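Reader: I'd like to walk through this model with you, one piece at a time. Could you start with the ground rules?

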Amino acid sequence: MGAFKKFAVAALALGGAGAATLWWLALPERLGPDAVAALGAGDAARGQRIFDTGGCASCHAKPKSEGDARLQLAGGLELKTAYGTFVAPNISTDPNDGIGGWSLEDFANAMLKGVSRDGQHLYPAFPYASYARMKPAEVADIYAFMKTLPPVAGRAPSHTLAFPFNVRSGIGLWKLFYLSDQPVIAFADGTPEKVLRGRDLVEGAGHCGECHTPRGFDGGTRKGQWLAGAAAAEGQGIVPNITPQGTGISGWSESDIASYLETGFTPEFDSVGGTMVEVQKNMARLSAEDREAIAAYLKAIPPHPNGYPAPQPKPAG
Amino acid sequence: MRKFVLAVAALALASTAAFADVITDRQAVMKENARQVGTLVKMVKGESAFDAAAVLAALTALNDNVQKIDVAASFPVGSDKGDTTASPKIWEDPAGFQAEVDKFKAVTASAVGAPAQDLDALKAQVGTIGQTCGTCHEAFRVKKG
């Protein structure tokens with residue numbers, strides 16, 4: 001949040017020009033000229049790594065696609081949440097139904113600011129609250145890679161959301177609290193490069209916190225319980241605590257974590273399950289160094305107790 | 001009336017107890033699968049040396065265990081309640097679940113028929129088995145706290 005906007009929030013609190021200020025604060029904010037210049041040219045080969053880290057295909061390819069079909073980004077996956085059903089849109093290079101007509105600047109505004117080409121707020125089901133922490137060059141790289149993918153015709157259905165979540169201007173206020181390009185975990189000087197590389201992957205493109213961190217009533221992630229595990233946003237069950245505390249992976253070594261991301265087997269030789277199956281397939285495409293960096297970061301972050309309620313007592317018998 | 005209530009209570013207790021056994025039994029099957037797969041994964045990770053005889057022994061034990069899985073007996077209706085991570089989807093989509101179980105049986109049977117003779121082959125074989133675990137656990141298991 002810029003200094004001017006902070007001032008505006010203060011003015012609002014003082015009972016200034018209430019409604020008008022609120023309206024103005026909720027306006028979609030695009031990247032400034034400096035940020036656009038920082039994007040650079042982009043490199044498709046580097047972009048593939050970011051594309052896999054983000055798992056873009058897991059939501060934007062047609063559900064259950066395998067092989068080359070995973071690179072046909074026609075959308076259509078439904079996310080059934082408490083707010084309503086979000087549908088992943090077509091982000092293929094089709095100029096009419098996809099984003100083939102978007103410039104790098106348009107794309108970067110979506111990734112880093114959550115603003116569509118026509119200037120609308122995007123819903124944070126598209127995890128730009130994480131992508132906002134990506135480096136500008138990474139955004140240019142992923143754009144260059146996605147330009148190499150085939151166009152696919154056909155629009156995915158619209159979201160079906162309940163009031164008040166169907167009012168997009170509300171997202172503008174949400175962004176004042178939850179959209180930031182700053183890292184979640186600040187590390188001291190001299191922190192190993194490996195940990196910082198892991199931070200870029202986990203907090204940025206990998207958007208691990210979107211499922212592994214509990215959310216407040218307003219849908220924002222609680223940074224004080226970063227990666228502490230959460231009730232699943234879809235359906236039943238929980239998403240495990242991946243900090244060095246609690247009942248998730250606190251007993252795992254760095255090599256256990258890296259090996260799980262590569263093979264899908266836990267140290268007890270149980271297998272990956274749920275929505276993590278797709279994530280693990282994506283992580284298996286990264287380099288061993290990247291998986292080790294993720295593991296190093298997860299061992300370096302602050303420990304937290306589980307971020308979801310304890311299970312109900314077992315029924316008798 | 002009192003006798004009737006007691007009978008109903010006893011019946012209810014008996015059926016939950018029965019499901020508790022079903023749940024414990026099927027979890028034991030999964031634990032045993034993990035133990036055999038563990039022998040193979042340790043070789044893939046380089047924690048133990050490749051040993052063709054041990055590979056065949058683990059694959060055989062795994063396959064014997066997997067062929068015994070009987071969906072009707074191990075996943076009766078109502079056994080989604082209790083201390084279990086079985087997803088209700090097992091009973092919402094019984095044909096889909098049966099197809100996953102059948103695929104698992106086919107994968108372990110063909111692995112026993114052509115057991116890996118070197119480490120690279122073992123990596124591929126463990127990869128196939130692991131993916132079979134994963135696709136079923138993706139759809140039909142729910143992690144609980």
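Author: Helices (H or I, at least four residues) and strands (E, at least two) are DSSP runs, numbered from the N terminus. This is a predicted model, where local features need pLDDT of at least 70 and side-chain atom pairs count only at pLDDT 80 or more, while totals for chains, interfaces and linings use all residues. Residues are numbered from 1 along each chain as its sequence is written, and chains are lettered from A and ligands numbered from 1 in the order in which they are written.

Reader: In what order do the 3 strands of the open sheet in chain A run?

Author: Strands in a sheet pair through backbone hydrogen bonds, in a parallel or an antiparallel sense. Here the pairing is antiparallel. S1 (78–81) and S3 (160–161) of chain A are at the edges with a single partner strand each, so one side of each has no neighbour in the sheet. The order is therefore S1-S2-S3.

Reader: How many residues sit between S1(A) and S2(A) in their hairpin?

Author: S1(A) and S2(A) pair in the antiparallel sense over 4 bridges. Within that pairing, Glu78(A) stands opposite Val87(A) in S2(A). The hairpin has, between its two strands, 2 residues.

Reader: And which residue in S3(A) is the bridge partner of Thr85(A)?

Author: S2 (residues 84–87) of chain A is joined to S3(A) by 2 bridges, and the two run antiparallel. The bridge partner of Thr85(A) in S3(A) is Thr160(A).

Reader: Zooming out, what radius of gyration does chain A have?

Author: The C-alpha trace of chain A spans about 60 × 50 × 50 Å along its principal axes. The radius of gyration is taken over C-alpha atoms, and the globule rule is 2.2 Å times the number of residues to the power 0.38. For 317 residues a compact globule would be near 20 Å, and chain A agrees with that, at 20 Å.

Reader: What share of the residues of chain A count as buried?

Author: A residue is buried if 20 or more other C-beta atoms lie within 10 Å of its own, exposed if 12 or fewer, and partly exposed in between, with C-beta atoms placed from the backbone. Take Phe177(A) in helix H9 (residues 169–178) of chain A: Phe177(A) is exposed, with 12 other C-beta atoms within 10 Å. Of the 317 residues of chain A, the buried share is 39%.

Reader: How many of the 11 residues of H8(A) are buried?

Author: Among the buried ones are Pro136(A), Glu138(A), Asp141(A) and Tyr143(A). Their cover includes H3, H4, H6 and helix H10 (193–205) of chain A. H8(A) is largely enclosed by the rest of the structure, because the buried count is 9 of the 11.

Reader: Which residue just after H6(A) takes a positive phi?

Author: Helix H6 (residues 104–113) of chain A has buried residues including Phe107(A), Ala108(A) and Met111(A). The cover over them includes helix H3 (33–38), H7 and helix H8 (136–146) of chain A. Just after H6(A), a positive phi of about 65° is taken by Gly114(A).

Reader: How many residues does the largest nonpolar core have?

Author: A nonpolar core is a set of buried Ala, Val, Leu, Ile, Met, Phe, Trp, Tyr and Cys residues joined through C-beta atoms within 7 Å. Those with the most contacts inside the largest one include Met111(A), Val139(A) and, from the other chain, Leu40(B). At least three residues come from each of domain 1 (32–164) and domain 2 (193–300) of chain A, with domain bounds coming from an automatic or database domain assignment. The size of the core is 81 residues.

Reader: Which helix gives the most to the side of domain 1 of chain A that touches domain 2 of chain A?

Author: The C-alpha centres of the two domains of chain A lie 22 Å apart. Their contact (C-beta atoms, placed from the backbone, within 7 Å) takes 16 residues from domain 1 of chain A and 15 residues from domain 2 of chain A. On the domain 1 side, helix H4 (44–54), S1 and helix H7 (128–131) of chain A give two or more residues each. The most, 5 residues, comes from H4(A).

Methods:
Two strands pair if DSSP finds at least two bridges between them. Two residues are in contact if their C-beta atoms, placed from the backbone, lie within 7 Å.
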